[in-house]
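Let's read this model together, one feature at a time. Have the chains open beside you as we talk.

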Number of protein chains: 4
Amino acid sequence: MGNEKQPWWRTKIIQSEKNKLMMRGYRVEELIGHIHYGELVYLLIMGDLPSREKGKLLEATLVAGADHGVPAPSIVVSRIAATCGIPLNCCVATGMNLLGDIHGGAAEQLMRILYELQEKTRIEGEKRSVLVRRTCEELKGKRQFLPGFGHPVHDDDPRVRRLFALVEEARAKGEVEGKFVEMVKTMAEVVQDLYHRQIPINIDGACAAVQCELGLPWQAAKGLFCLSRGVGLVAESLEEFLQGSRLKSPMPMPLWEDELLYEGPGERDLPEIFKLKG
Amino acid sequence: MGNEKQPWWRTKIIQSEKNKLMMRGYRVEELIGHIHYGELVYLLIMGDLPSREKGKLLEATLVAGADHGVPAPSIVVSRIAATCGIPLNCCVATGMNLLGDIHGGAAEQLMRILYELQEKTRIEGEKRSVLVRRTCEELKGKRQFLPGFGHPVHDDDPRVRRLFALVEEARAKGEVEGKFVEMVKTMAEVVQDLYHRQIPINIDGACAAVQCELGLPWQAAKGLFCLSRGVGLVAESLEEFLQGSRLKSPMPMPLWEDELLYEGPGERDLPEIFKLKG
Amino acid sequence: MGNEKQPWWRTKIIQSEKNKLMMRGYRVEELIGHIHYGELVYLLIMGDLPSREKGKLLEATLVAGADHGVPAPSIVVSRIAATCGIPLNCCVATGMNLLGDIHGGAAEQLMRILYELQEKTRIEGEKRSVLVRRTCEELKGKRQFLPGFGHPVHDDDPRVRRLFALVEEARAKGEVEGKFVEMVKTMAEVVQDLYHRQIPINIDGACAAVQCELGLPWQAAKGLFCLSRGVGLVAESLEEFLQGSRLKSPMPMPLWEDELLYEGPGERDLPEIFKLKG
Amino acid sequence: MGNEKQPWWRTKIIQSEKNKLMMRGYRVEELIGHIHYGELVYLLIMGDLPSREKGKLLEATLVAGADHGVPAPSIVVSRIAATCGIPLNCCVATGMNLLGDIHGGAAEQLMRILYELQEKTRIEGEKRSVLVRRTCEELKGKRQFLPGFGHPVHDDDPRVRRLFALVEEARAKGEVEGKFVEMVKTMAEVVQDLYHRQIPINIDGACAAVQCELGLPWQAAKGLFCLSRGVGLVAESLEEFLQGSRLKSPMPMPLWEDELLYEGPGERDLPEIFKLKG
């Protein structure tokens, strides 16, 4: 004891032996055909199955962010990849690689803020709305926007409304508390007050709130968006692949003439010192 | 007409305008909370919603392949990535990039063979079992294994049995024809006959058969596996990330001494010609 | 003996111990400051250092393919990545993931053909020009283009001319034989004859010929292009990153209206069967 | 004027037209065969060619970090990728994706610190050694290690010594000032003083110092390491590919039994509520 060697890898997820595979303790053959994808996601991340209602909420967020059309960076990039002669999984991975801090990553940042606010409420015993306002003011002071707020096109995103309605349904059934959605709604009011204009909750913000209601760790947020946007990446890169284009630039050649400005040095000779080499 | 300019991008998947987003024509807010992930996958790939029974079958394949534990190349690679200081989505993409021809890609190859067999049956009017045998013999003649058969550990994979049972249920309800599962079972018999030993249908083979029953294009197979294995990639790279290891090599240092053989040239001096430079 | 366990990993490249690191047998501290990058590439791939002249030829191909501007799929994709909040190495990897069969991959295919032609010349003793013509005719018969030929913009690519001139210089010094460049030039003539129009050798074709002159394996071709285009990917994604754009779509919004055509089903209601769920 | 539309993409790197391609203004055909890879890297990132001596220094850092053998996370991951049936460029990209904050990323962090120190010296007029000590103390106070210091194996890395010797040579020729190397050496002393043990400068730290001497922006550091380690990734994944392994796990099966610990829940039944579905 004490000086026993530690195994190099430790996991609580999969146990496997010959003709047997268990996920978080459940035999895989019982999971197959019985549980939904969203329930599997929850199981593998959280360690046990959610209630069916909670599983449904998680699937709602996965459906909500699945695709926003060709102009979305992740989608266009995986479509371009599909014209370059690489396998479909690599096209999907290419798009997924983009889902970082600025492309969906707001959910992670907001979840972190929401959990911190909850923690402070618990510890400091202060009113949640007071703490929310303080957080928004601090961010404004640092000239940072609140993550999960604002959208270049939508100002009343139907996905946000629907997700919040589903949380309300689940709250009425006692499945979730609804406090994170409440916090986000309070934030929206405070933001309007601080910036003197309406800055709408966006899909990242709504997903963050729902995922907090489900108790998912904020560190999981980017992974959840991978699974959500993954559907769009598969369908769109497959569509492009089946169209058969080769080496597709994102806009047709004539448009580049207007949309690409070269601002570097003009044509020049290589200095003689380099030419004399070898 | 005729000389009208074609738009550079064409799609049948997403239509979007201010405060409105439609997936294959359905308003996203109606899809959210109503359809399951597997149904969304089918919708975005195939153009319309499946029957609920078919959606369930598709989700069954997604659950089946989600994770096979740390030693699986895709999983271990995304766990290693999680110790290198990159965002979670990039860890997931790293593992997903590996799901190529040899890592799950057998499903694509078998689906292609199965659809070709079906086509030949239709056109040549020959018995399916005759054509199946001929295909297996051709592959044997070319010293190629039949994709979707054989496994290093499992010889009676519980996932395969369960998936085939689900197809049988769906067939009894008239939801699928069951002919592709039948073909794969015939293949298993022929393979046993040709190689004089049992070579079991593996999870790639079973998923291929189910996906053919659902009419999914063979070109989609790698993408479907991305969505399935994606769950494991998210959960496992998150688990690793939360364990906090840094720059983790796949085995502890002492083991490398036995498991890494350097076979190259011994220590040697750089030739003088290179030293004299500059 | 005989039943001795084999180490799991075998390599001829790196040998390392405490305060010592050897690359193909050379002490790293002697390589640093003495050899050029192209020489290192050759050393690690081929097992020993090239002559300085050959190293120079290899570097010439690396310089030639480094960048072709924003509209190139790999470049634009890594620039888009740079606006999504992921680390620079992930932006570079994203672009590199695209350098597959259709994006630079022609070099691999042509190298393979060139080596096969050389092999046939040696074995069948037939004249090289006869074999070259036969290969071109076969490809035409299969309605396949010769890899490494044709370009959407350039018909007399200055990079190609320059690379061939460098090979000629090296041939004059007895450093290379020049037979692969000769074969490619013969191909250009045959192609003109077969298709009744000039189809120029492109940069992939020229690099393929040079890399064959250097004896590099065809399987290395995509990797070499990674190192070449890698320079462009780093510089361009860094430039984009420093410009500070966020979540950049590849064209400005108004252009999408003309360049994106939605061809799918019109707006429609979700069938009641899905709404009735849960 | 004033309301003129801005082009969507702006660049100072590549200018291209029919049969003409210029990199930072230089005609590509003059660069090919005349400049070295390291000079190209400098040109594309910095906007003009370096002196030959500076180019040599940059190439020295590229050679230094190229490969550290199979156990390095980036290398092993690209070798595993090479057994999964994906193109070589995707194997290289897979390994490159790992070169984040913890895998080579220390160079970026240290460059940032070094440039800040230089800036403070200039502005505050304080002695560099005083500022260096303050920075080290601050990091210690925050329980953060100084990036670029410490190595699990090497305590007198031959690459570090060699790089510093090359800087000294260049300083003697008036090519660089040597102040950043000096700062890093001061840091090493301060660190020893603060932690009461020698913590050696590692390869990331040495490369950071050299790259600062060359005036490269800290934001480029991860990209430079991509180009350096890229050589190893190409050579090692190619070596693995040519060995022909399929779906290689990072250690042989028997070792997993000792090195993989399952700590999750034991086998358990799926709750009836999930079985009753559908």
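Q: In the hairpin of β3(D) and β4(D), which residue takes a positive phi?

A: D:R24 does, with a phi near 50 degrees, in a hairpin that has 2 residues between its strands. Strands here are DSSP runs of E with at least two residues, helices are runs of H or I with at least four residues, and both are numbered from the N terminus. This is a predicted model, in which local features need pLDDT of at least 70 and side-chain atom pairs count only at pLDDT 80 or more, while totals for chains, interfaces and linings use all residues. Residues are numbered from 1 along each chain as its sequence is written, chains are lettered from A and ligands numbered from 1 in the order in which they are written, and side-chain values use heavy atoms, with hydrogens and water left out.

Q: How many bridges join β3(D) to strand β4 of chain D?

A: Strands of a sheet pair through backbone hydrogen bonds, either parallel or antiparallel. Two strands count as paired if DSSP finds at least two bridges between them. Here β3(D) and β4 (residues 26–27) of chain D run antiparallel and are joined by 2 bridges. For D:M22, the bridge partner in β4(D) is D:R27.

Q: What joins strand β2 of chain D to strand β3 of chain D?

A: Between β2 (residues 14–17) and β3 (residues 20–23) of chain D there are 4 bridges, and the two strands run antiparallel. D:S16 has D:L21 as its bridge partner in β3(D), and D:Q15 has D:M22. The hairpin of these strands has 2 residues between them, and D:N19 takes a positive phi near 60 degrees there.

Q: In what order do the strands of the open sheet in chain D come?

A: The order is β2-β3-β4, 3 strands with antiparallel pairing. Since β2 and β4 of chain D are at the edges with a single partner strand each, one side of each is left without a neighbour in the sheet.

Q: Which strands of chain A stand at the edges of its sheet?

A: Chain A has an open sheet of 3 strands in the order β2-β3-β4, paired antiparallel. The edges are β2 (14–17) and β4 (26–27) of chain A; each has a single partner strand, so one side of each lacks a neighbour in the sheet. Strand β3 (residues 20–23) of chain A pairs with β4(A) over 2 bridges in the antiparallel sense, and A:M22 has A:R27 as its bridge partner in β4(A).

Q: Where is D:R143 found, and is D:R143 buried or exposed?

A: For accessibility, buried means under 20% relative accessible area, exposed over 50%, and partly exposed in between (1.4 Å probe, protein chains only). D:R143 lies in the loop between α7 (128–141) and α8 (158–172) of chain D. Because its relative accessibility is 80%, D:R143 counts as exposed. D:R143 is not a glycine, yet has a positive phi of about 55 degrees.

Q: What is the relative accessible area of A:L247?

A: The value is 38%, so A:L247 is partly exposed. A:L247 sits in the loop between α11 (221–243) and α12 (253–259) of chain A. A:L247 also has a positive phi of about 55 degrees although it is not a glycine.

Q: Why does B:E239 count as buried, and which residues does B:E239 touch?

A: B:E239, in helix α11 (residues 221–243) of chain B, counts as buried because its relative accessibility is 12%. Contact means heavy atoms within 4.5 Å. Not counting residues up to four places away in sequence, B:E239 touches A:R10, A:T11, A:K12, A:I13 and B:R79. The side chain of B:E239 reaches the backbone nitrogen of A:K12 at 2.7 Å.

Q: With which residues is A:P7 in contact, leaving aside its neighbours within four places in sequence?

A: They are D:D258, D:E259, D:L260 and D:L261. A:P7 is in the segment before β1 (9–11) of chain A, and its 16% relative accessibility makes A:P7 buried.

Q: How many residues of chain D are in contact with chain C?

A: The contact involves 86 residues of chain D and 86 residues of chain C. A salt bridge is a side-chain nitrogen of Lys or Arg within 4 Å of a carboxyl oxygen of Asp or Glu. Between chain D and chain C the count is 2 salt bridges. In one of them, C:D155 pairs with D:K18, with the closest N and O atoms 3.2 Å apart. Helix α11 (residues 221–243) of chain D gives the largest share of the side of chain D that touches chain C, 16 residues.

Notes
A polar contact is a pair of N or O atoms within 3.5 Å; within protein, one must be able to donate a hydrogen and the other to accept it, and residues adjacent in sequence count only if both atoms are side-chain atoms.
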